Every structure is written in structure tokens, then in C-alpha cells.
Amino acid sequence: KVIRDFAFVVEDKYSSGEIINLVKNIDKELIKTVKIFDIYQGENIESGKKSIAFSITLEPKDKTLSEEDIEQISKKIIFAVQSKTAATLRS
């Protein structure tokens with residue numbers, strides 16, 4: 001089991017539920033849970049946007065994940081969220 005955290009700045013119109021569903025649908029076998037742990041609006045976040053931070057649990061059934069496997073699924077998650085919502089990855 002591997003846990004990774006991501007934070008994106010998205011427009012207000014996107015709900016946390018939409019982001020969770022989007023991420024879960026990237027790989028239903030590998031991504032076991034997606035949990036929002038922070039939603040922030042205010043200083044250093046552009047008006048009309050919010051930061052959504054979430055934790056993803058990856059749990060393969062048939063093998064141990066390599067760093068390369070984790071990097072590949074992380075890239076898929078980032079690409080999907082950015083392409084569907086025009087979000088930016090928050091560092």
C-alpha cells in the first residue's frame with residue numbers, strides 16, 4: 001500500500017466530489033481511496049479559485065509498486081486533473 005498527496009488550485013465551480021470521482025476513475029483497480037484533507041481559499045490563492053489537497057491510497061492486488069509505477073500513476077493523476085479542470089499543481 002502506498003499513499004501519495006496532491007494539491008491543486010482549481011476554480012470554485014469544481015466540487016471536491018467531482019475531483020474525487022475524476023481521480024478514482026483513472027485506475028479503479030489500483031486507486032483504493034481518495035480523501036480530501038484540505039480545502040483552502042484566501043491569501044495566496046487567486047480570487048474565484050480554491051486549493052484542494054487530497055491523499056490517494058494505491059493498493060495493487062498482484063505486485064509491489066516500483067518507484068516507476070508510482071511515478072506513472074502520479075503523472076496520470078496530475079494530467080487528468082489538469083486537463084479536465086484546468087487546475088494547477090500546487091507546490
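The questions below go from the whole chain to single residues.

This is a predicted model, where local features need pLDDT of at least 70, side-chain atom pairs count only at pLDDT 80 or more, and totals for chains, interfaces and linings use all residues. Residues are numbered from 1 along each chain as its sequence is written, and side-chain values use heavy atoms, with hydrogens and water left out.

Q: What makes up the pattern of the chain, read along the sequence?
A: The pattern is β-α-β-β-α-β. The chain has 2 helices and 4 strands. Both kinds of element are DSSP runs, numbered from the N terminus: helices are H or I with at least four residues, strands are E with at least two.

Q: How do you know whether the radius of gyration agrees with that of a compact globule?
A: The radius is taken over C-alpha atoms, and the globule rule is 2.2 Å times the number of residues to the power 0.38. For 91 residues, a compact globule would come out near 12 Å; the chain has 13 Å, so the two agree. The C-alpha atoms fill a box of roughly 45 × 20 × 20 Å along the principal axes.

Q: What share of the contacts in the chain with a separation of 6 or more comes from residues 24 or more positions apart?
A: The share is 71%. A contact means heavy atoms within 4.5 Å.

Q: Why is T85 called buried?
A: Buried means under 20% relative accessible area, exposed over 50%, and partly exposed in between (1.4 Å probe, protein chains only). T85 has 5%, so T85 is buried. Across the chain, buried residues make up 37% of the 91 residues.

Q: What does T85 touch, not counting residues up to four places away in sequence?
A: T85 touches V10, Y14, I19 and L22. T85 itself lies in helix α2 (residues 67-85). A polar atom of the T85 side chain also lies 2.5 Å from the backbone oxygen of V81.

Q: Why is N44 called exposed?
A: N44 has a relative accessible area of 72%, so N44 is exposed. N44 sits in the loop between β2 (31-40) and β3 (49-58).

Q: Is A86 buried or exposed?
A: A86 has a relative accessible area of 56%, so A86 is exposed. A86 lies in the loop between α2 and β4 (88-89). A86 has a positive phi of about 60° and is not a glycine.

Definitions and conventions: A polar contact is a pair of N or O atoms within 3.5 Å; within protein, one must be able to donate a hydrogen and the other to accept it, and residues adjacent in sequence count only if both atoms are side-chain atoms.
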